[in-house]
Amino acid sequence: MTPATKLDYEPEPKPGRAVNPGEFLIAAVGLDHGHINGMCEKLTEAGAKVKWVYDSDPEKVRAFQEKFPQAEAAAAKSDILEDDEVQLVAAAPVTSARGDLGLEVQEAGKHFFTAKAPFTTLDQLKKAKAKTKETGLKWAVNYSERVAVESAVFAGQLIEKGAIGRVVQVIGTGPHRLNAPARPPWFFEKEKYGGILCDIGSHQIEQFLTFSGASDARVEASKVANYANKKYPELEDFGDASLVADNGAVNYFRVDWLTPDGLRSWGDGRTIILGTEGYIELRKNLNVAKEEEGDHLFLVNQQGERHYSLRGRVGFPFYRNLILDCLHHTENAMTQDHAFKAAELCLTAQQRAVRVE
């Protein structure tokens, strides 16, 4: 890591396509969560082509095809699994079903790309590790609050360039608007969504591991609550946790479903990254009471302070790198150990959480 000597850092060039049209075919299976659209959109921008789509609900399939008209509706999931041209299956079914689907996909000889959270139990994770080791295929996870947020991508670039020295603490907030009437029934069933720390907490833990450069961490404490939504007794609308990484960095994060209706965004997500030579603050979705556009980054170090507005300037290299990793058996997008470790830690935090009221 090279020490920072200036404040005029700029984003690295936006990534181009990984492949030419038709060289990397994918399919979408399981459309229960809207993240499937962003996953397929960004893979398409990186050069992939969506050949198939399958879900048991024809309305979901039709809505997906409006966004991806090139995708043919499969009559059965087996049509996709038996198609040798399909190299990767992107999936966002009910959270508790993602583990079993991944096993099916890898058994069919294809890479698997799932929405977060990838699992709701440690047993699902154990089976995924064994299947991935057996097949040598990718079990990629769309930790979108980092890989699909340009300010977070640029934060990683700044850290690699030494702009704030050694990272010693990451503080994250992940507020979301509940909008309960628009949510499907499974969203309120804990066995199916896994709990708030398993669900949106997975974003926070993955960011901590990435920004701190840690390969492991221990959960020091965690809590969950249902403060404002007693109508849904299995919902957790608040959760927090603190962790200590194997390299000494520390983490505190808070996630919730308490975003007020007066906010212009679904959530005022923020991250503060403290280093020995400075700090970074991310305001991901908006700059509250000021700019409506998101992707703001504030850098302060020994040379001064700077505000970056990054929407449209950085791009999303994860998706390009994922395609290349699938083709060349590399790990530039995200290592398998990292993807699984983030999942393990969010499940551990959920499992150990103290219930408060």
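# Helices, sheet and core

Visitor: How do the axes of helix α9 and α11 cross, and within what distance do they come?
Guide: In this predicted model, the axes of helix α9 (residues 201-212) and α11 come within 9 Å and cross at roughly 130°. That angle makes α9 oblique to α11, since angles under 35 degrees count as roughly parallel, over 145 as roughly antiparallel, 65 to 115 as roughly perpendicular and the rest as oblique. Axes here are lines fitted to C-alpha atoms, for helices over the stretch in contact, with angles running from 0 to 180 degrees between N-to-C directions. Helices (H or I, at least four residues) and strands (E, at least two) are DSSP runs, numbered from the N terminus.

Visitor: Which residues of α9 meet α11?
Guide: In α9 they are Gly201, Ser202, Ile205, Glu206, Leu209 and Thr210, and they meet His338, Lys341, Ala342, Leu345 and Cys346 in α11, where contact means heavy atoms within 4.5 Å.

Visitor: Before we go on, how are residues numbered, and what is left out?
Guide: Residues are numbered from 1 along each chain as its sequence is written, and side-chain values use heavy atoms, with hydrogens and water left out. Local features need pLDDT of at least 70 and side-chain atom pairs count only at pLDDT 80 or more, whereas totals for chains, interfaces and linings use all residues.

Visitor: OK, the sheet now. In what order do the strands come?
Guide: Nine strands form an open sheet with mixed pairing, in the order β14-β13-β12-β11-β7-β10-β9-β8-β15; two strands pair if DSSP finds at least two bridges between them. β14 (304-309) and β15 stand at the edges with a single partner strand each, so one side of each has no neighbour in the sheet. From one strand to the next, the twist averages 10°.

Visitor: And where does α11 touch that sheet?
Guide: Helix α11 packs on it by touching β8, β9 and β15, and the direction of α11 makes about 50° with that of β8.

Visitor: Does β8 run parallel or antiparallel to β9, and which way does it run with β15?
Guide: Strand β8 (residues 217-225) is antiparallel to β9 (residues 238-245), with eight bridges joining them, while three bridges join β8 to β15 (residues 354-356) in a parallel arrangement. Lys223 can be followed in both directions, as it stands opposite Asp240 in β9 and has Val354 as its bridge partner in β15.

Visitor: How many residues are in the largest nonpolar core?
Guide: That core has 109 residues, and those with the most contacts inside it are Phe64, Phe113, Ile280, Leu297 and Leu299. Its largest share, eight residues, comes from helix α11 (residues 336-352). A nonpolar core is a set of buried Ala, Val, Leu, Ile, Met, Phe, Trp, Tyr and Cys residues joined through side-chain atoms within 4.5 Å.

Visitor: What is Leu299 in contact with?
Guide: Leaving aside neighbours within four places in sequence, its contacts include Leu7, Tyr9, Leu158, Ile280 and Tyr308.

Conventions: Buried < 20%, exposed > 50% of the residue type's maximum accessible area, 1.4 Å probe, protein only.
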